[in-house]
Amino acid sequence: ELTLRLQDGSQQAAAVRLQRFPLADQFAYFILPYLIGWIFLGSSLWVFTLRRWDAAGRTYAIFSTAVGLSVACLFDIYTTNVLTPLWTFSVALVGGGLISLALLFPDETPLVTRYPVLNWIGYLPAVLLGAAAMPTIYDFSRPGAYLSMWRLEYAFTSLAALFFLGAMLLRRYRAQSPLLREQARLLAWGFGVSTAPLAAWALISSLFPGTRSLLATFTPYLLPSLAVFPLAAAYAILRYRLLNTDTILSRATVYLLMTILAVTGYALLVSGL
């Protein structure tokens, strides 16, 4: 028997019959989100290992880690609520990472090049929202206070997602380099496909908040499409940069050989040989 305290302060008793957690729900609410979280964390470590000296690589690592934690902690939100502070801060950090990534990839915007501090501008509201939400999570005197902070984080992350998608589309059509256009196109498509199911659910649930239909009810089966974006982003960040690196190395080798030949020839001429 559980004693529930309602928002108006009154208490109500509820009897709950304990039962074994169904295997289908274990897969949907724990195994599936956990696997998706590992995909994001794996891509984060992969990119950070190879591109930790690159600002875009570091920013993607922060964003991907935040998404991985927020997805992997989803089971705890429905059960023990031990990791709720970590989940809350990660959701806010997702929005900050998206804004920063939009400013740095596939190339730095002129403002960021001129003022590098703008690279961190997206993290400022993310940290403020996450910090402001912390006191409300376990505040039993105001049981519904955390919901308002979560809604603000959802709104911030949604606006950041629109900003990122708009930035990628803008660079897709305005970039002078074919390589930059291809990178922007890959990220725009990957992000759109990855977030389309969640965006559709959010739109339906916001337009029809009172309905309990299947389309308006959240289900973890909306999450698998998220795995598309880290694969596309990691490929765009690593693969194209590796091709560029190969070109630089090949040209450097040619210039080195030419320098050796020039120095050797000059030495032969000076020595009279």
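Helices α1 and α2 are roughly antiparallel to each other, since their axes cross at roughly 165 degrees (over 145 degrees counts as roughly antiparallel). The axes, which are lines fitted to C-alpha atoms over the stretch in contact, with angles from 0 to 180 degrees between N-to-C directions, come within 8 Å. Helix α1 spans residues 23-51 and helix α2 residues 55-72; helices here are DSSP runs of H or I with at least four residues, numbered from the N terminus.

This is a predicted model, in which local features need pLDDT of at least 70, side-chain atom pairs count only at pLDDT 80 or more, and totals for chains, interfaces and linings use all residues. Residues are numbered from 1 along each chain as its sequence is written, and side-chain values use heavy atoms, without hydrogens and water.

Which residues of α1 meet α2? Among them are Pro 33, Phe 40 and Arg 51 in α1, while the α2 side includes Gly 57, Tyr 60 and Ala 72; contact means heavy atoms within 4.5 Å.

I turn now to the pocket. The largest pocket has a volume of about 1600 Å³, the volume being the space filled by probe spheres set on grid points joined across faces, edges and corners. A pocket is an open set of points on a 1 Å grid over the protein atoms alone, where a 1.4 Å probe fits, with protein on both sides within 12 Å along at least five of seven lines; lining residues have an atom within 4 Å of a point. Of its 37 lining residues, Tyr 154, Ser 158, Leu 198, Trp 201 and Ala 202 are the closest to the centre. Helix α8 gives the most to this lining, with 11 residues.

How values were computed
Helices (H or I, at least four residues) and strands (E, at least two) are DSSP runs, numbered from the N terminus. Angles under 35 degrees count as roughly parallel, over 145 as roughly antiparallel, 65 to 115 as roughly perpendicular and the rest as oblique.
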